[in-house]
Amino acid sequence: MPSLTIHLFTGNKLRPNGSQLFFLGCLAPDAVTPREIKEHAHLRDCEDRNAELRKLEKTIPEDDDYANGVLFHLFCDYIWDNTALKSYKESHGDGWYYSYRDEIYLAGSYIYHHEPRIAELWELAESCPPESYADSSYTVEGDVPKLISHHRKWHIENNIGPSSAYPPEYVEDFAEFAVSSFKKWKSSESYTLFF
């Protein structure tokens, strides 16, 4: 999974005029804990992740911005896990996890402090009252406000990066690919990503 800020950056590419609920949805799935439950909520334990994403898509009304943000988050994770994360694991062996986390924090912090709209989107997400998404068709089992507040505070206090594994150009290319793939996927039931 990419950093939360990469999710916001990519969500902004998809919907530059997106709503507060959409951007909150782009972050919300990572509020799920513990890690084992999070893996299930992110569909990582599914034999056919694309098919599960399709099933989820069919349950989400077009006007449910929060749930559509969640769907886009899960779609982006599907791409990232099969490209960026997969190659990182392959090149770093068994000890990949902690160095990987460092790299996505570096990448996310750099974007936060160098992309003008990202800090504004974090603030927008943090100011979203829970009752505004309580009736969404998708429920995240986790403390979404706590997740947002914690990570926004970390970004404000940490100006680090960029990442050598995921430099700004890499993140830009990923975001463009994720957005174009999502649009094709949404417009055609037969469109499937192959990795």
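Helices (H or I, at least four residues) and strands (E, at least two) are taken here as DSSP runs, numbered from the N terminus. By that scheme, serine 188 falls in the segment after α10.

## Basis of the model

The structure is a predicted model, in which local features need pLDDT of at least 70, side-chain atom pairs count only at pLDDT 80 or more, and totals for chains, interfaces and linings use all residues. Residues are numbered from 1 along each chain as its sequence is written, and side-chain values use heavy atoms, with hydrogens and water left out.

## Pockets

Rolling a probe the size of a water molecule over the atoms shows where empty space is left. The search runs on a 1 Å grid over the protein atoms alone: a cavity is a set of points where a 1.4 Å probe fits but cannot get out, whereas a pocket is an open set with protein on both sides within 12 Å along at least five of seven lines, and lining residues have an atom within 4 Å of a point. Grid points are joined across faces, edges and corners, and a volume is the space filled by probe spheres set on the points. The largest pocket holds about 420 Å³ of space. It is lined by 23 residues, of which Asp30, Lys38, Arg101, Leu147 and His151 are the closest to its centre. Two or more lining residues come from each of α1 (4-14), α3 (35-41), α7 (96-114) and α9 (144-157). For the class count, Ala, Val, Leu, Ile, Met, Phe, Trp, Tyr, Cys and Pro are nonpolar, Asp, Glu, Lys and Arg are charged, and the others, Gly among them, are polar. The lining of the largest pocket then divides into ten nonpolar, six polar and seven charged residues.

The second largest pocket has about 170 Å³ of space. Its lining consists of Met1, Arg35, Glu39, Arg44, Arg49, Asp81, Asn82, Leu85, Lys89, Trp96, Tyr97 and Tyr100. Helices α3, α5 (65-82), α6 (84-92) and α7 each give two or more residues to this lining, and the largest share, three residues, is that of α7. By class, the lining of the second largest pocket comprises five nonpolar, one polar and six charged residues.

## Aromatic rings

Rings of Phe, Tyr and Trp (its six-membered ring) are paired if their centres lie within 6.5 Å; planes under 30 degrees apart count as stacked, over 60 as edge-to-face and the rest as tilted. The model has 17 aromatic pairs by this rule. One cluster joined by ring pairs contains Trp80, Tyr88, Trp96, Tyr97, Tyr98, Tyr100, Tyr166, Tyr170 and Phe174. Of these residues, Trp96, Tyr97 and Tyr100 also line the second largest pocket.

A charge is said to sit over a ring if NZ of Lys or CZ of Arg is within 6 Å of the ring centre and within 35 degrees of the ring normal. The charged end of arginine 15 is placed in this way over the ring of phenylalanine 22, 4.4 Å from its centre.

## Backbone geometry

Most residues other than glycine have a negative phi, and most peptide bonds are trans. The bond from threonine 33 to proline 34 is cis, with omega near -5°, and proline 34 belongs to the loop between α2 (20-27) and α3. A cis bond also runs from glycine 161 to proline 162, with omega near 10°; proline 162 is in the loop between α9 and α10 (168-187).

Leucine 43, although not a glycine, has a positive phi of about 65°. This residue lies in the loop between α3 and α4 (49-58). Residues are classed as buried under 20% relative accessible area, exposed over 50% and partly exposed in between (1.4 Å probe, protein chains only). Leucine 43 counts as buried because its relative accessible area is 13%.

## Individual residues and separations

Asparagine 12, in helix α1, is buried at 18% relative accessibility. Its contacts (heavy atoms within 4.5 Å), leaving aside neighbours within four places in sequence, are Phe23, Arg117 and Leu121. Threonine 59, in the loop between α4 and α5, is partly exposed, with a relative accessible area of 49%.

Serine 188 is partly exposed at 23% relative accessibility. Its C-alpha atom is separated by 33 Å from that of isoleucine 148, 40 residues apart along the chain. Tyrosine 191 also lies in the segment after α10 and is partly exposed at 23% relative accessibility. With neighbours within four places in sequence left aside, tyrosine 191 contacts Arg54, Ser181, Lys184 and Trp185.
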